[in-house]
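The following note sets out points for a colleague who has the model open. Please read each point against the structure shown here.

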Amino acid sequence: MAVDRLPPNLRLALPDAAQSYEQDAEWCVVDDGSGWRELRFHDYHEIYTVPGLYEKLFYEVLQCQSPPVVTDLLVEQMATERLDPAGVRVLDVGAGNGIVAEELRTRGVTKVVGVDIIPEAAMAAERDRPGVYDDYRVVDLTTLDVDAAAEIAGGGFDALTVVAALGFGDIPPEAFRVAFDMVRVDGFVAFTIRDNFLSETDTSGFAGLIRSMMESGELEELGAVTYQHRLATTRQPVHYRAIVARKRRPRD
Ligand SMILES: C[S@@+](CC[C@H](N)C(=O)[O-])C[C@H]1O[C@@H](n2cnc3c(N)ncnc32)[C@H](O)[C@@H]1O
């Protein structure tokens, strides 16, 4: 991964492990030679601007596993259905700087379109993994009109990936729904979500949305695994669920 692109003088520190934060309030401090500054983990626009920092923080220090876990699960399901990954066109939402697209291409997928809400993500993907996306759109899915969505979907994607990007002020249920509508019937939907977002007590809206899609027959779960997404700044594991499903019919 791109950690070797880190500025050589960059220093990174995490808060005291005894101090616990909500996932959307976690932070670190970085010094790239001009003094220490505090970055919230959700300040993606600032994190992506420092080459290699995203990988160093989330993948090396906090041991994020989500992209390989979910792309393995997706490609395994494609193999079960005798589908050649080289022939599928994937929409990767919350694409960031392209780690998921890289993992998909390693597993034989050749066509990936990225969507993210901030331009810094598109710039970082081009800088860190040039060519890994066939196309990359900076859009807010919740404000996308029907024509613009149809133009991006181009007849419907064969698969959707949303990795480490649902909830916590990132992708809301309405945006997931818009992305889901861009997938063709019988296409695959692969995503990761914090395990408690699927519980009875969930207030994010995802549990209700996923449950209603499954109950109405719109979505059929093919496989799922609970796994360690990454470490929190307390160094305790954060558990997510990776789900691969198939879209069985369009929205009513
Ligand atoms: C933790 S990063 C995950 C990036 C990548 N999927 C990965 O696994 O490395 C979450 C990404 O979701 C993006 N994001 C947040 N809200 C979004 C939204 N409403 N629509 C699209 N992308 C969004 C952020 O800009 C960020 O790039």
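1. Helices (H or I, at least four residues) and strands (E, at least two) are DSSP runs, numbered from the N terminus.

2. On the basis of the work: this is a predicted model, in which local features need pLDDT of at least 70 and side-chain atom pairs count only at pLDDT 80 or more, while totals for chains, interfaces and linings use all residues. Residues are numbered from 1 along each chain as its sequence is written, and side-chain values use heavy atoms, with hydrogens and water left out.

3. The protein chain contains eight helices and ten strands. Its radius of gyration is 18 Å, close to the 18 Å that the globule rule gives for 252 residues, so the chain is as compact as a globular protein of that length. The radius is taken over C-alpha atoms, and the rule is 2.2 Å times the number of residues to the power 0.38. Along its principal axes the C-alpha trace spans about 55 × 40 × 35 Å.

4. Seven strands make up an open sheet with mixed pairing, in the order E6-E5-E4-E7-E8-E10-E9. Two strands pair if DSSP finds at least two bridges between them. The edges are strand E6 (135-138) and strand E9 (219-231), each of which pairs on one side only. From one strand to the next the twist averages 15 degrees. Within this sheet, strand E4 (residues 89-93) and strand E5 (residues 111-116) run parallel and are joined by five bridges; leucine 91 has valine 113 in E5 as its bridge partner.

5. An open sheet of three strands has antiparallel pairing and the order E1-E2-E3. Strand E1 (11-13) and strand E3 (36-40) stand at its edges with a single partner strand each, so one side of each is left without a neighbour in the sheet. Here the twist averages 25 degrees from one strand to the next. Strand E2 (residues 27-31) pairs with E3 over five bridges, and tryptophan 27 has arginine 40 in E3 as its bridge partner. Helix H2 (residues 53-61) lies across E1, E2 and E3, at about 40 degrees to E1.

6. A backbone N or O atom of glycine 94 lies 2.8 Å from a ligand nitrogen atom, and a polar backbone atom of valine 163 is 2.9 Å from a nitrogen atom of the ligand; polar contacts are pairs of N or O atoms within 3.5 Å.

7. Valine 139 sits in the loop between E6 and helix H6 (146-153). Leaving aside neighbours within four places in sequence, valine 139 is in contact with Val115, Asp116, Ile117 and Leu144.

Definitions and conventions. Axes fitted to C-alpha atoms, helices over the stretch in contact; angles between N-to-C directions. Polar contact = N/O pair within 3.5 Å; in protein donor to acceptor, adjacent residues only side chain to side chain. Contact = heavy atoms within 4.5 Å.
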